[in-house]
Amino acid sequence: MSALPNCPLCESEYTYEDGAQYICPECAHEWSQVAEDSDEKIIRDANGNELQDGDTVSVIKDLKVKGSSLVVKVGTKVKNIRLVDGDHDIDCKITGIGAMKLKSEFVKKV
């Protein structure tokens, strides 16, 4: 009997190994043999791209700065972001505004 796992998408039992990947021949889904840590949260941008510390992102929506009359405009590029836990999961510095916390749903990776 095979010890390979069933496909997580279509539950096919005909999966096979290819290097460090499992592949399903029925739906063509590929996934890693190494299980990802469930403790580690993956932060994604508005388009679904995975964000990492030091990435450059662009703001996709005008954002009002709370307690101020300033606005972060669409297309503002933010360099060298830092990912943190919490509702606002990006720490950064924006030129002309200063230190800010942003939500990943309002940025896209450049």
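Helices (H or I, at least four residues) and strands (E, at least two) are DSSP runs, numbered from the N terminus. The views below show a predicted model, in which local features need pLDDT of at least 70 and side-chain atom pairs count only at pLDDT 80 or more, while totals for chains, interfaces and linings use all residues. Residues are numbered from 1 along each chain as its sequence is written, and side-chain values use heavy atoms, with hydrogens and water left out.

**View 1**
Ser-12 counts as buried because its relative accessibility is 4%; buried means under 20% relative accessible area, exposed over 50%, and partly exposed in between (1.4 Å probe, protein chains only). With neighbours within four places in sequence left aside, Ser-12 is in contact with Asn-6, Cys-7, Cys-24 and Glu-26, where contact means heavy atoms within 4.5 Å. Glu-11 is found in the segment before β1 as well, but Glu-11 is exposed, with a relative accessible area of 53%. Although Glu-11 is not a glycine, its phi is positive, at about 60°. Most residues other than glycine have a negative phi. A separation of 54 Å lies between the C-alpha atoms of Ser-12 and Gly-96, which are 84 residues apart along the chain.

**View 1. The largest nonpolar core.**
A nonpolar core is a set of buried Ala, Val, Leu, Ile, Met, Phe, Trp, Tyr and Cys residues joined through side-chain atoms within 4.5 Å. The largest such core in this model holds 15 residues, and those with the most contacts inside it are Val-72, Val-78, Ile-90, Cys-92, Met-100 and Leu-102. Two or more residues of this core come from each of β4 (57-59), β9 (90-94) and β10 (98-102). The largest share, 3 residues, is supplied by β9. In soluble globular proteins, nonpolar side chains tend to be buried together. Beyond its neighbours within four places in sequence, Val-72 is in contact with Val-59, Lys-61, Asp-62, Leu-63, Val-65, Ile-94, Ile-97 and Met-100.

Strand β9 is mostly covered, with 4 of its 5 residues buried. Two strands pair if DSSP finds at least two bridges between them. Strand β8 (residues 82-83) pairs with β9 in the antiparallel sense over 2 bridges, and Leu-83 stands opposite Ile-90 in β9. The hairpin of β8 and β9 has 6 residues between the strands, and Gly-86 there takes a positive phi near 125°. Strands β9 and β10 run antiparallel and are joined by 5 bridges, with Lys-93 opposite Ala-99 in β10. In the hairpin that β9 and β10 form, 3 residues lie between the strands, and Gly-96 in the turn has a positive phi of about 90°.

An open sheet of 3 strands has the order β7-β4-β11, with antiparallel pairing. Its edge strands are β7 (77-78) and β11 (107-109), each of which pairs on one side only. Strands β4 and β7 are paired in the antiparallel sense over 2 bridges, and the bridge partner of Val-57 in β7 is Val-78. Asn-80 has its place in the loop between β7 and β8. The phi of Asn-80 is near 55°, a positive value in a residue other than glycine. Asn-80 is exposed, with a relative accessible area of 58%.

**View 2. The largest pocket.**
The lining divides into 5 nonpolar, 1 polar and 4 charged residues; Ala, Val, Leu, Ile, Met, Phe, Trp, Tyr, Cys and Pro count as nonpolar, Asp, Glu, Lys and Arg as charged, and the others, Gly among them, as polar.
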